[in-house]
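Student: I would like to go through this structure with you. Could we begin once it is on the screen?
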Amino acid sequence: MTTATPQLSESARAASASEARFRIDVPIRPARAARVVALDERAAAVARRLAERPWAHARFYTSQGAALLHELDGEPAPLEEVLTGTDVVVVLATEDGGRASAAAIGRICGRRGITTAGVVLGDGFEADDAVAALRPYARVLLLSADESDCFELLTALRV
């Protein structure tokens, strides 16, 4: 008479000492330097609401032309300077007014290898030009009518 060896469940095997060598014990770190840039007034209102939430190291800006941004408190900041040392940039748009800024941000991010995501908020096609400007550069391009998608995207990017 032979005795059967009990089968371990998948969870028990995963928790075993032999499997510990495959375990990653380092926590996933948030992005070191994230920038969120609103290209128009309605997008700026969204950025202000997002900025009220706790984020790791995100900084929020509004666009004031292709080469100049403003922090939400109004302080001007040159685009090249804002993007120095940045890991991820999320661009928010609700209309076409920010096409030149979107293209400038996309070009700099592409040249520097900065991950770029674009969120176009609205019901319809108010921001076709902004979408067209971001499309060549944004790894993620989200068209949504729901502002909460911005929060979800920032969370997914570990901003």
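Student: In which sense do strand 6 and strand 7 pair, and over how many bridges?
Tutor: Strand 6 (residues 115–121) and strand 7 pair in the parallel sense, over five bridges. Two strands count as paired if DSSP finds at least two bridges between them. Helices (H or I, at least four residues) and strands (E, at least two) are DSSP runs, numbered from the N terminus.

Student: What kind of model is this, and how are residues numbered?
Tutor: This is a predicted model, in which local features need pLDDT of at least 70 and side-chain atom pairs count only at pLDDT 80 or more, while totals for chains, interfaces and linings use all residues. Residues are numbered from 1 along each chain as its sequence is written, and side-chain values use heavy atoms, with hydrogens and water left out.

Student: What is the bridge partner of alanine 93 in strand 6?
Tutor: That partner is valine 120. Strand 5 and strand 6 pair in the parallel sense over six bridges. Together with helix 4 (residues 99–112), these two strands make a right-handed β-α-β unit. Right-handed means that, with the strands pointing away from the viewer, the path from the first strand over the helix to the second runs clockwise.

Student: In what order do the strands of the sheet run?
Tutor: The order is 4-3-2-1-5-6-7, in an open sheet of seven strands with mixed pairing. Strand 4 (76–78) and strand 7 (140–144) stand at the edges; each has a single partner strand, so one side of each is left without a neighbour in the sheet. On average, neighbouring strands of this sheet are turned by 25° against each other, direction ignored.

Student: Which helix packs on it, touching strand 1, strand 2, strand 5, strand 6 and strand 7?
Tutor: That is helix 6 (residues 148–156), and its direction makes about 170° with that of strand 6. Axes are lines fitted to C-alpha atoms, for helices over the stretch in contact, and angles run from 0 to 180 degrees between N-to-C directions. Contact means heavy atoms within 4.5 Å.

Student: Which residues of helix 6 are buried?
Tutor: They are Cys150, Leu153 and Leu154. Seen down the axis of helix 6, these residues fall within an arc of 95°, so they line one face of the helix. The arc is that of the directions from the helix axis to the C-beta atoms. Buried means under 20% relative accessible area, exposed over 50%, and partly exposed in between (1.4 Å probe, protein chains only).

Student: And which residues are buried in helix 2?
Tutor: In helix 2 (residues 41–51), Ala43, Ala44, Val46, Ala47 and Leu50 are buried. They cover an arc of only 160° around the axis, which puts them on the same side of helix 2. These buried residues pack against strand 1, strand 2, strand 5, strand 6 and helix 6.

Student: What caps the N-terminal end of helix 2?
Tutor: Aspartate 40 does: a side-chain oxygen lies 3.2 Å from the backbone nitrogen of arginine 42. Aspartate 40 lies in the loop between strand 1 and helix 2.

Student: Is aspartate 40 buried or exposed?
Tutor: Aspartate 40 counts as buried, at 6% relative accessibility. Not counting residues up to four places away in sequence, aspartate 40 touches Ala93, Thr94 and Glu95.

Student: What joins the side chains of threonine 94 and aspartate 40?
Tutor: A polar contact of 2.5 Å joins them. A polar contact is a pair of N or O atoms within 3.5 Å; within protein, one must be able to donate a hydrogen and the other to accept it, and residues adjacent in sequence count only if both atoms are side-chain atoms. Threonine 94 is in the loop between strand 5 and helix 4, and counts as buried at 4% relative accessibility.

Student: Where does glutamate 95 lie?
Tutor: Glutamate 95 lies in the loop between strand 5 and helix 4. Glutamate 95 is partly exposed, with a relative accessible area of 34%. Glutamate 95 and glutamate 126 are 31 residues apart in sequence and 4.8 Å apart in space, C-alpha to C-alpha.
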